[in-house]
Amino acid sequence: MRRLLLVTAAASLAAIGVASSQDATMSFFVTSVGSGKGADLGGLAGADAHCASLAEAVGVTGKTWHAYLSTSDTDARDRIGTGPWFNAKGVKIADDVASLHSDANAITKQTALDEKGEVVNGRGDKPNRHDVLTGSKPDGTKIADQTCGDWTLSGAEGAAMTGHHDRTGLDDSAAAKSWNSSHASRGGCSQEALRSTGGDGLFYCFAVN
């Protein structure tokens, strides 16, 4: 009996260890909330800090986080490290930058989870929050005039390129299914403008180490 209890206890501890290890591998998530100021994220520095704050709030520490955002002089693909990247449930999103920007990535509504490991509302949900800010082309390079003033604007001026984290849109086009380059915001960079097309000022975060 004692041996059975010891074996059971060891198995339980091993299971806990595996779960903890899996949780610790989180290196990709969609922000559960944005800045609250539309596409004004405080620039790249503010967006990166927001990623770090959200990750640390759920106990993921010791990582350097960067937002997947392009600016007028920066490509999002060059900001996120080399991979591989895993979501909060330990599911691999992509092995490297090349696979992330190919059909080989595993980004879907079920895998593009927030930092808490929860599914983010997509098309068909209320409210729809599938427009994720990127400012990027499908290959992860910048679209200089679609970054809402390099993530500092929150009014009627400017526009931001967004992707669909749920890979779903109005049709079956490549753009509608793109995780990082579906369409630009309409009506500016305010929270209201972003929400009007199915967004909420959310963005992707990647651990670079």
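Biologist: Let's start with W179: is this residue buried or exposed?
Modeller: This is a predicted model, and every value here is computed from it. A residue counts as buried when its relative accessible area is under 20%. W179 has a relative accessibility of 3%, so W179 is buried.

Biologist: And what is the relative accessible area of Y204?
Modeller: Y204 sits in strand β8. The same cut-off of under 20% applies, and Y204 also counts as buried. Its relative accessible area is 0%.

Biologist: How many aromatic pairs are there?
Modeller: A pair of aromatic rings is described by the distance of the centres and the angle of the planes. Rings count as a pair if their centres lie within 6.5 Å. By this rule, the number of aromatic pairs is eight.

Biologist: What kind of pair do Y68 and Y204 form?
Modeller: Their ring centres are 6.3 Å apart, with 85 degrees between the planes. An angle over 60 degrees is the cut-off for this kind. The pair of Y68 and Y204 is therefore edge-to-face.

Biologist: What is the angle between the ring planes of W179 and Y204?
Modeller: The centres of these two rings are 5.2 Å apart. The pair is edge-to-face because the planes meet at an angle over 60 degrees. For W179 and Y204 that angle is 65 degrees.

Biologist: Which strand does W179 reach through its pair with Y204?
Modeller: W179 lies in the loop between β6 and β7. Its partner is 25 residues away in sequence, so the pair ties together separate parts of the chain. The strand that holds Y204 is β8.

Biologist: What is the handedness of the disulfide of C51 and C205?
Modeller: The sulfur atoms of C51 and C205 are 2.0 Å apart. The torsion about their S-S bond is about -80 degrees, so this disulfide is left-handed.

Biologist: How far apart in sequence are the parts that C51 and C205 tie together?
Modeller: Both cysteines are buried. C51 lies in helix α2 and C205 in strand β8, so the link joins parts with a separation of 154 residues.

Biologist: What is the torsion about the S-S bond of C148 and C189?
Modeller: C148 and C189 have their sulfur atoms 2.0 Å apart, and both residues are buried. C148 is in helix α4, and C189 is in the loop between β7 and α5, 41 residues away. Their link is left-handed, with a torsion of -95 degrees.

Biologist: Which side chain does the side chain of S70 meet in a polar contact?
Modeller: S70 is found in the loop between β2 and β3 and is buried, with a relative accessible area of 0%. Residues that S70 touches include D75, T134, K142 and W151. The polar contact, at 2.8 Å, is with the side chain of S136.

Biologist: Is G46 buried, partly exposed or exposed?
Modeller: G46 is found in helix α2. Buried means under 20% and exposed means over 50%. With 24%, G46 falls in between, so G46 is partly exposed.

Biologist: Which residues of the largest nonpolar core touch the most other members?
Modeller: This core has 42 residues. Elements that give two or more residues to it include α2, β2, α4 and β8. The members that touch the most others are W65, L69, L100, L133, W151 and F203.

Biologist: Finally, what share of the protein chain counts as buried?
Modeller: The chain has five helices and eight strands. Its length is 209 residues. The buried share is 48%.

How values were computed:
Residues numbered from 1 in each chain as written. Predicted model: local features only at pLDDT ≥ 70, side-chain atom pairs only at ≥ 80, totals over all residues. Heavy atoms only, no water. Core = buried A, V, L, I, M, F, W, Y, C linked by side-chain atoms within 4.5 Å. Buried < 20%, exposed > 50% of the residue type's maximum accessible area, 1.4 Å probe, protein only. Helix = DSSP H or I, 4+ residues; strand = E, 2+ residues; numbered from the N terminus. Phe/Tyr/Trp six-rings, centres within 6.5 Å; stacked < 30°, edge-to-face > 60°. Disulfide = S-S within 2.5 Å. Polar contact = N/O pair within 3.5 Å; in protein donor to acceptor, adjacent residues only side chain to side chain. Contact = heavy atoms within 4.5 Å. Lists of a residue's contacts leave out its neighbours within four places in sequence.
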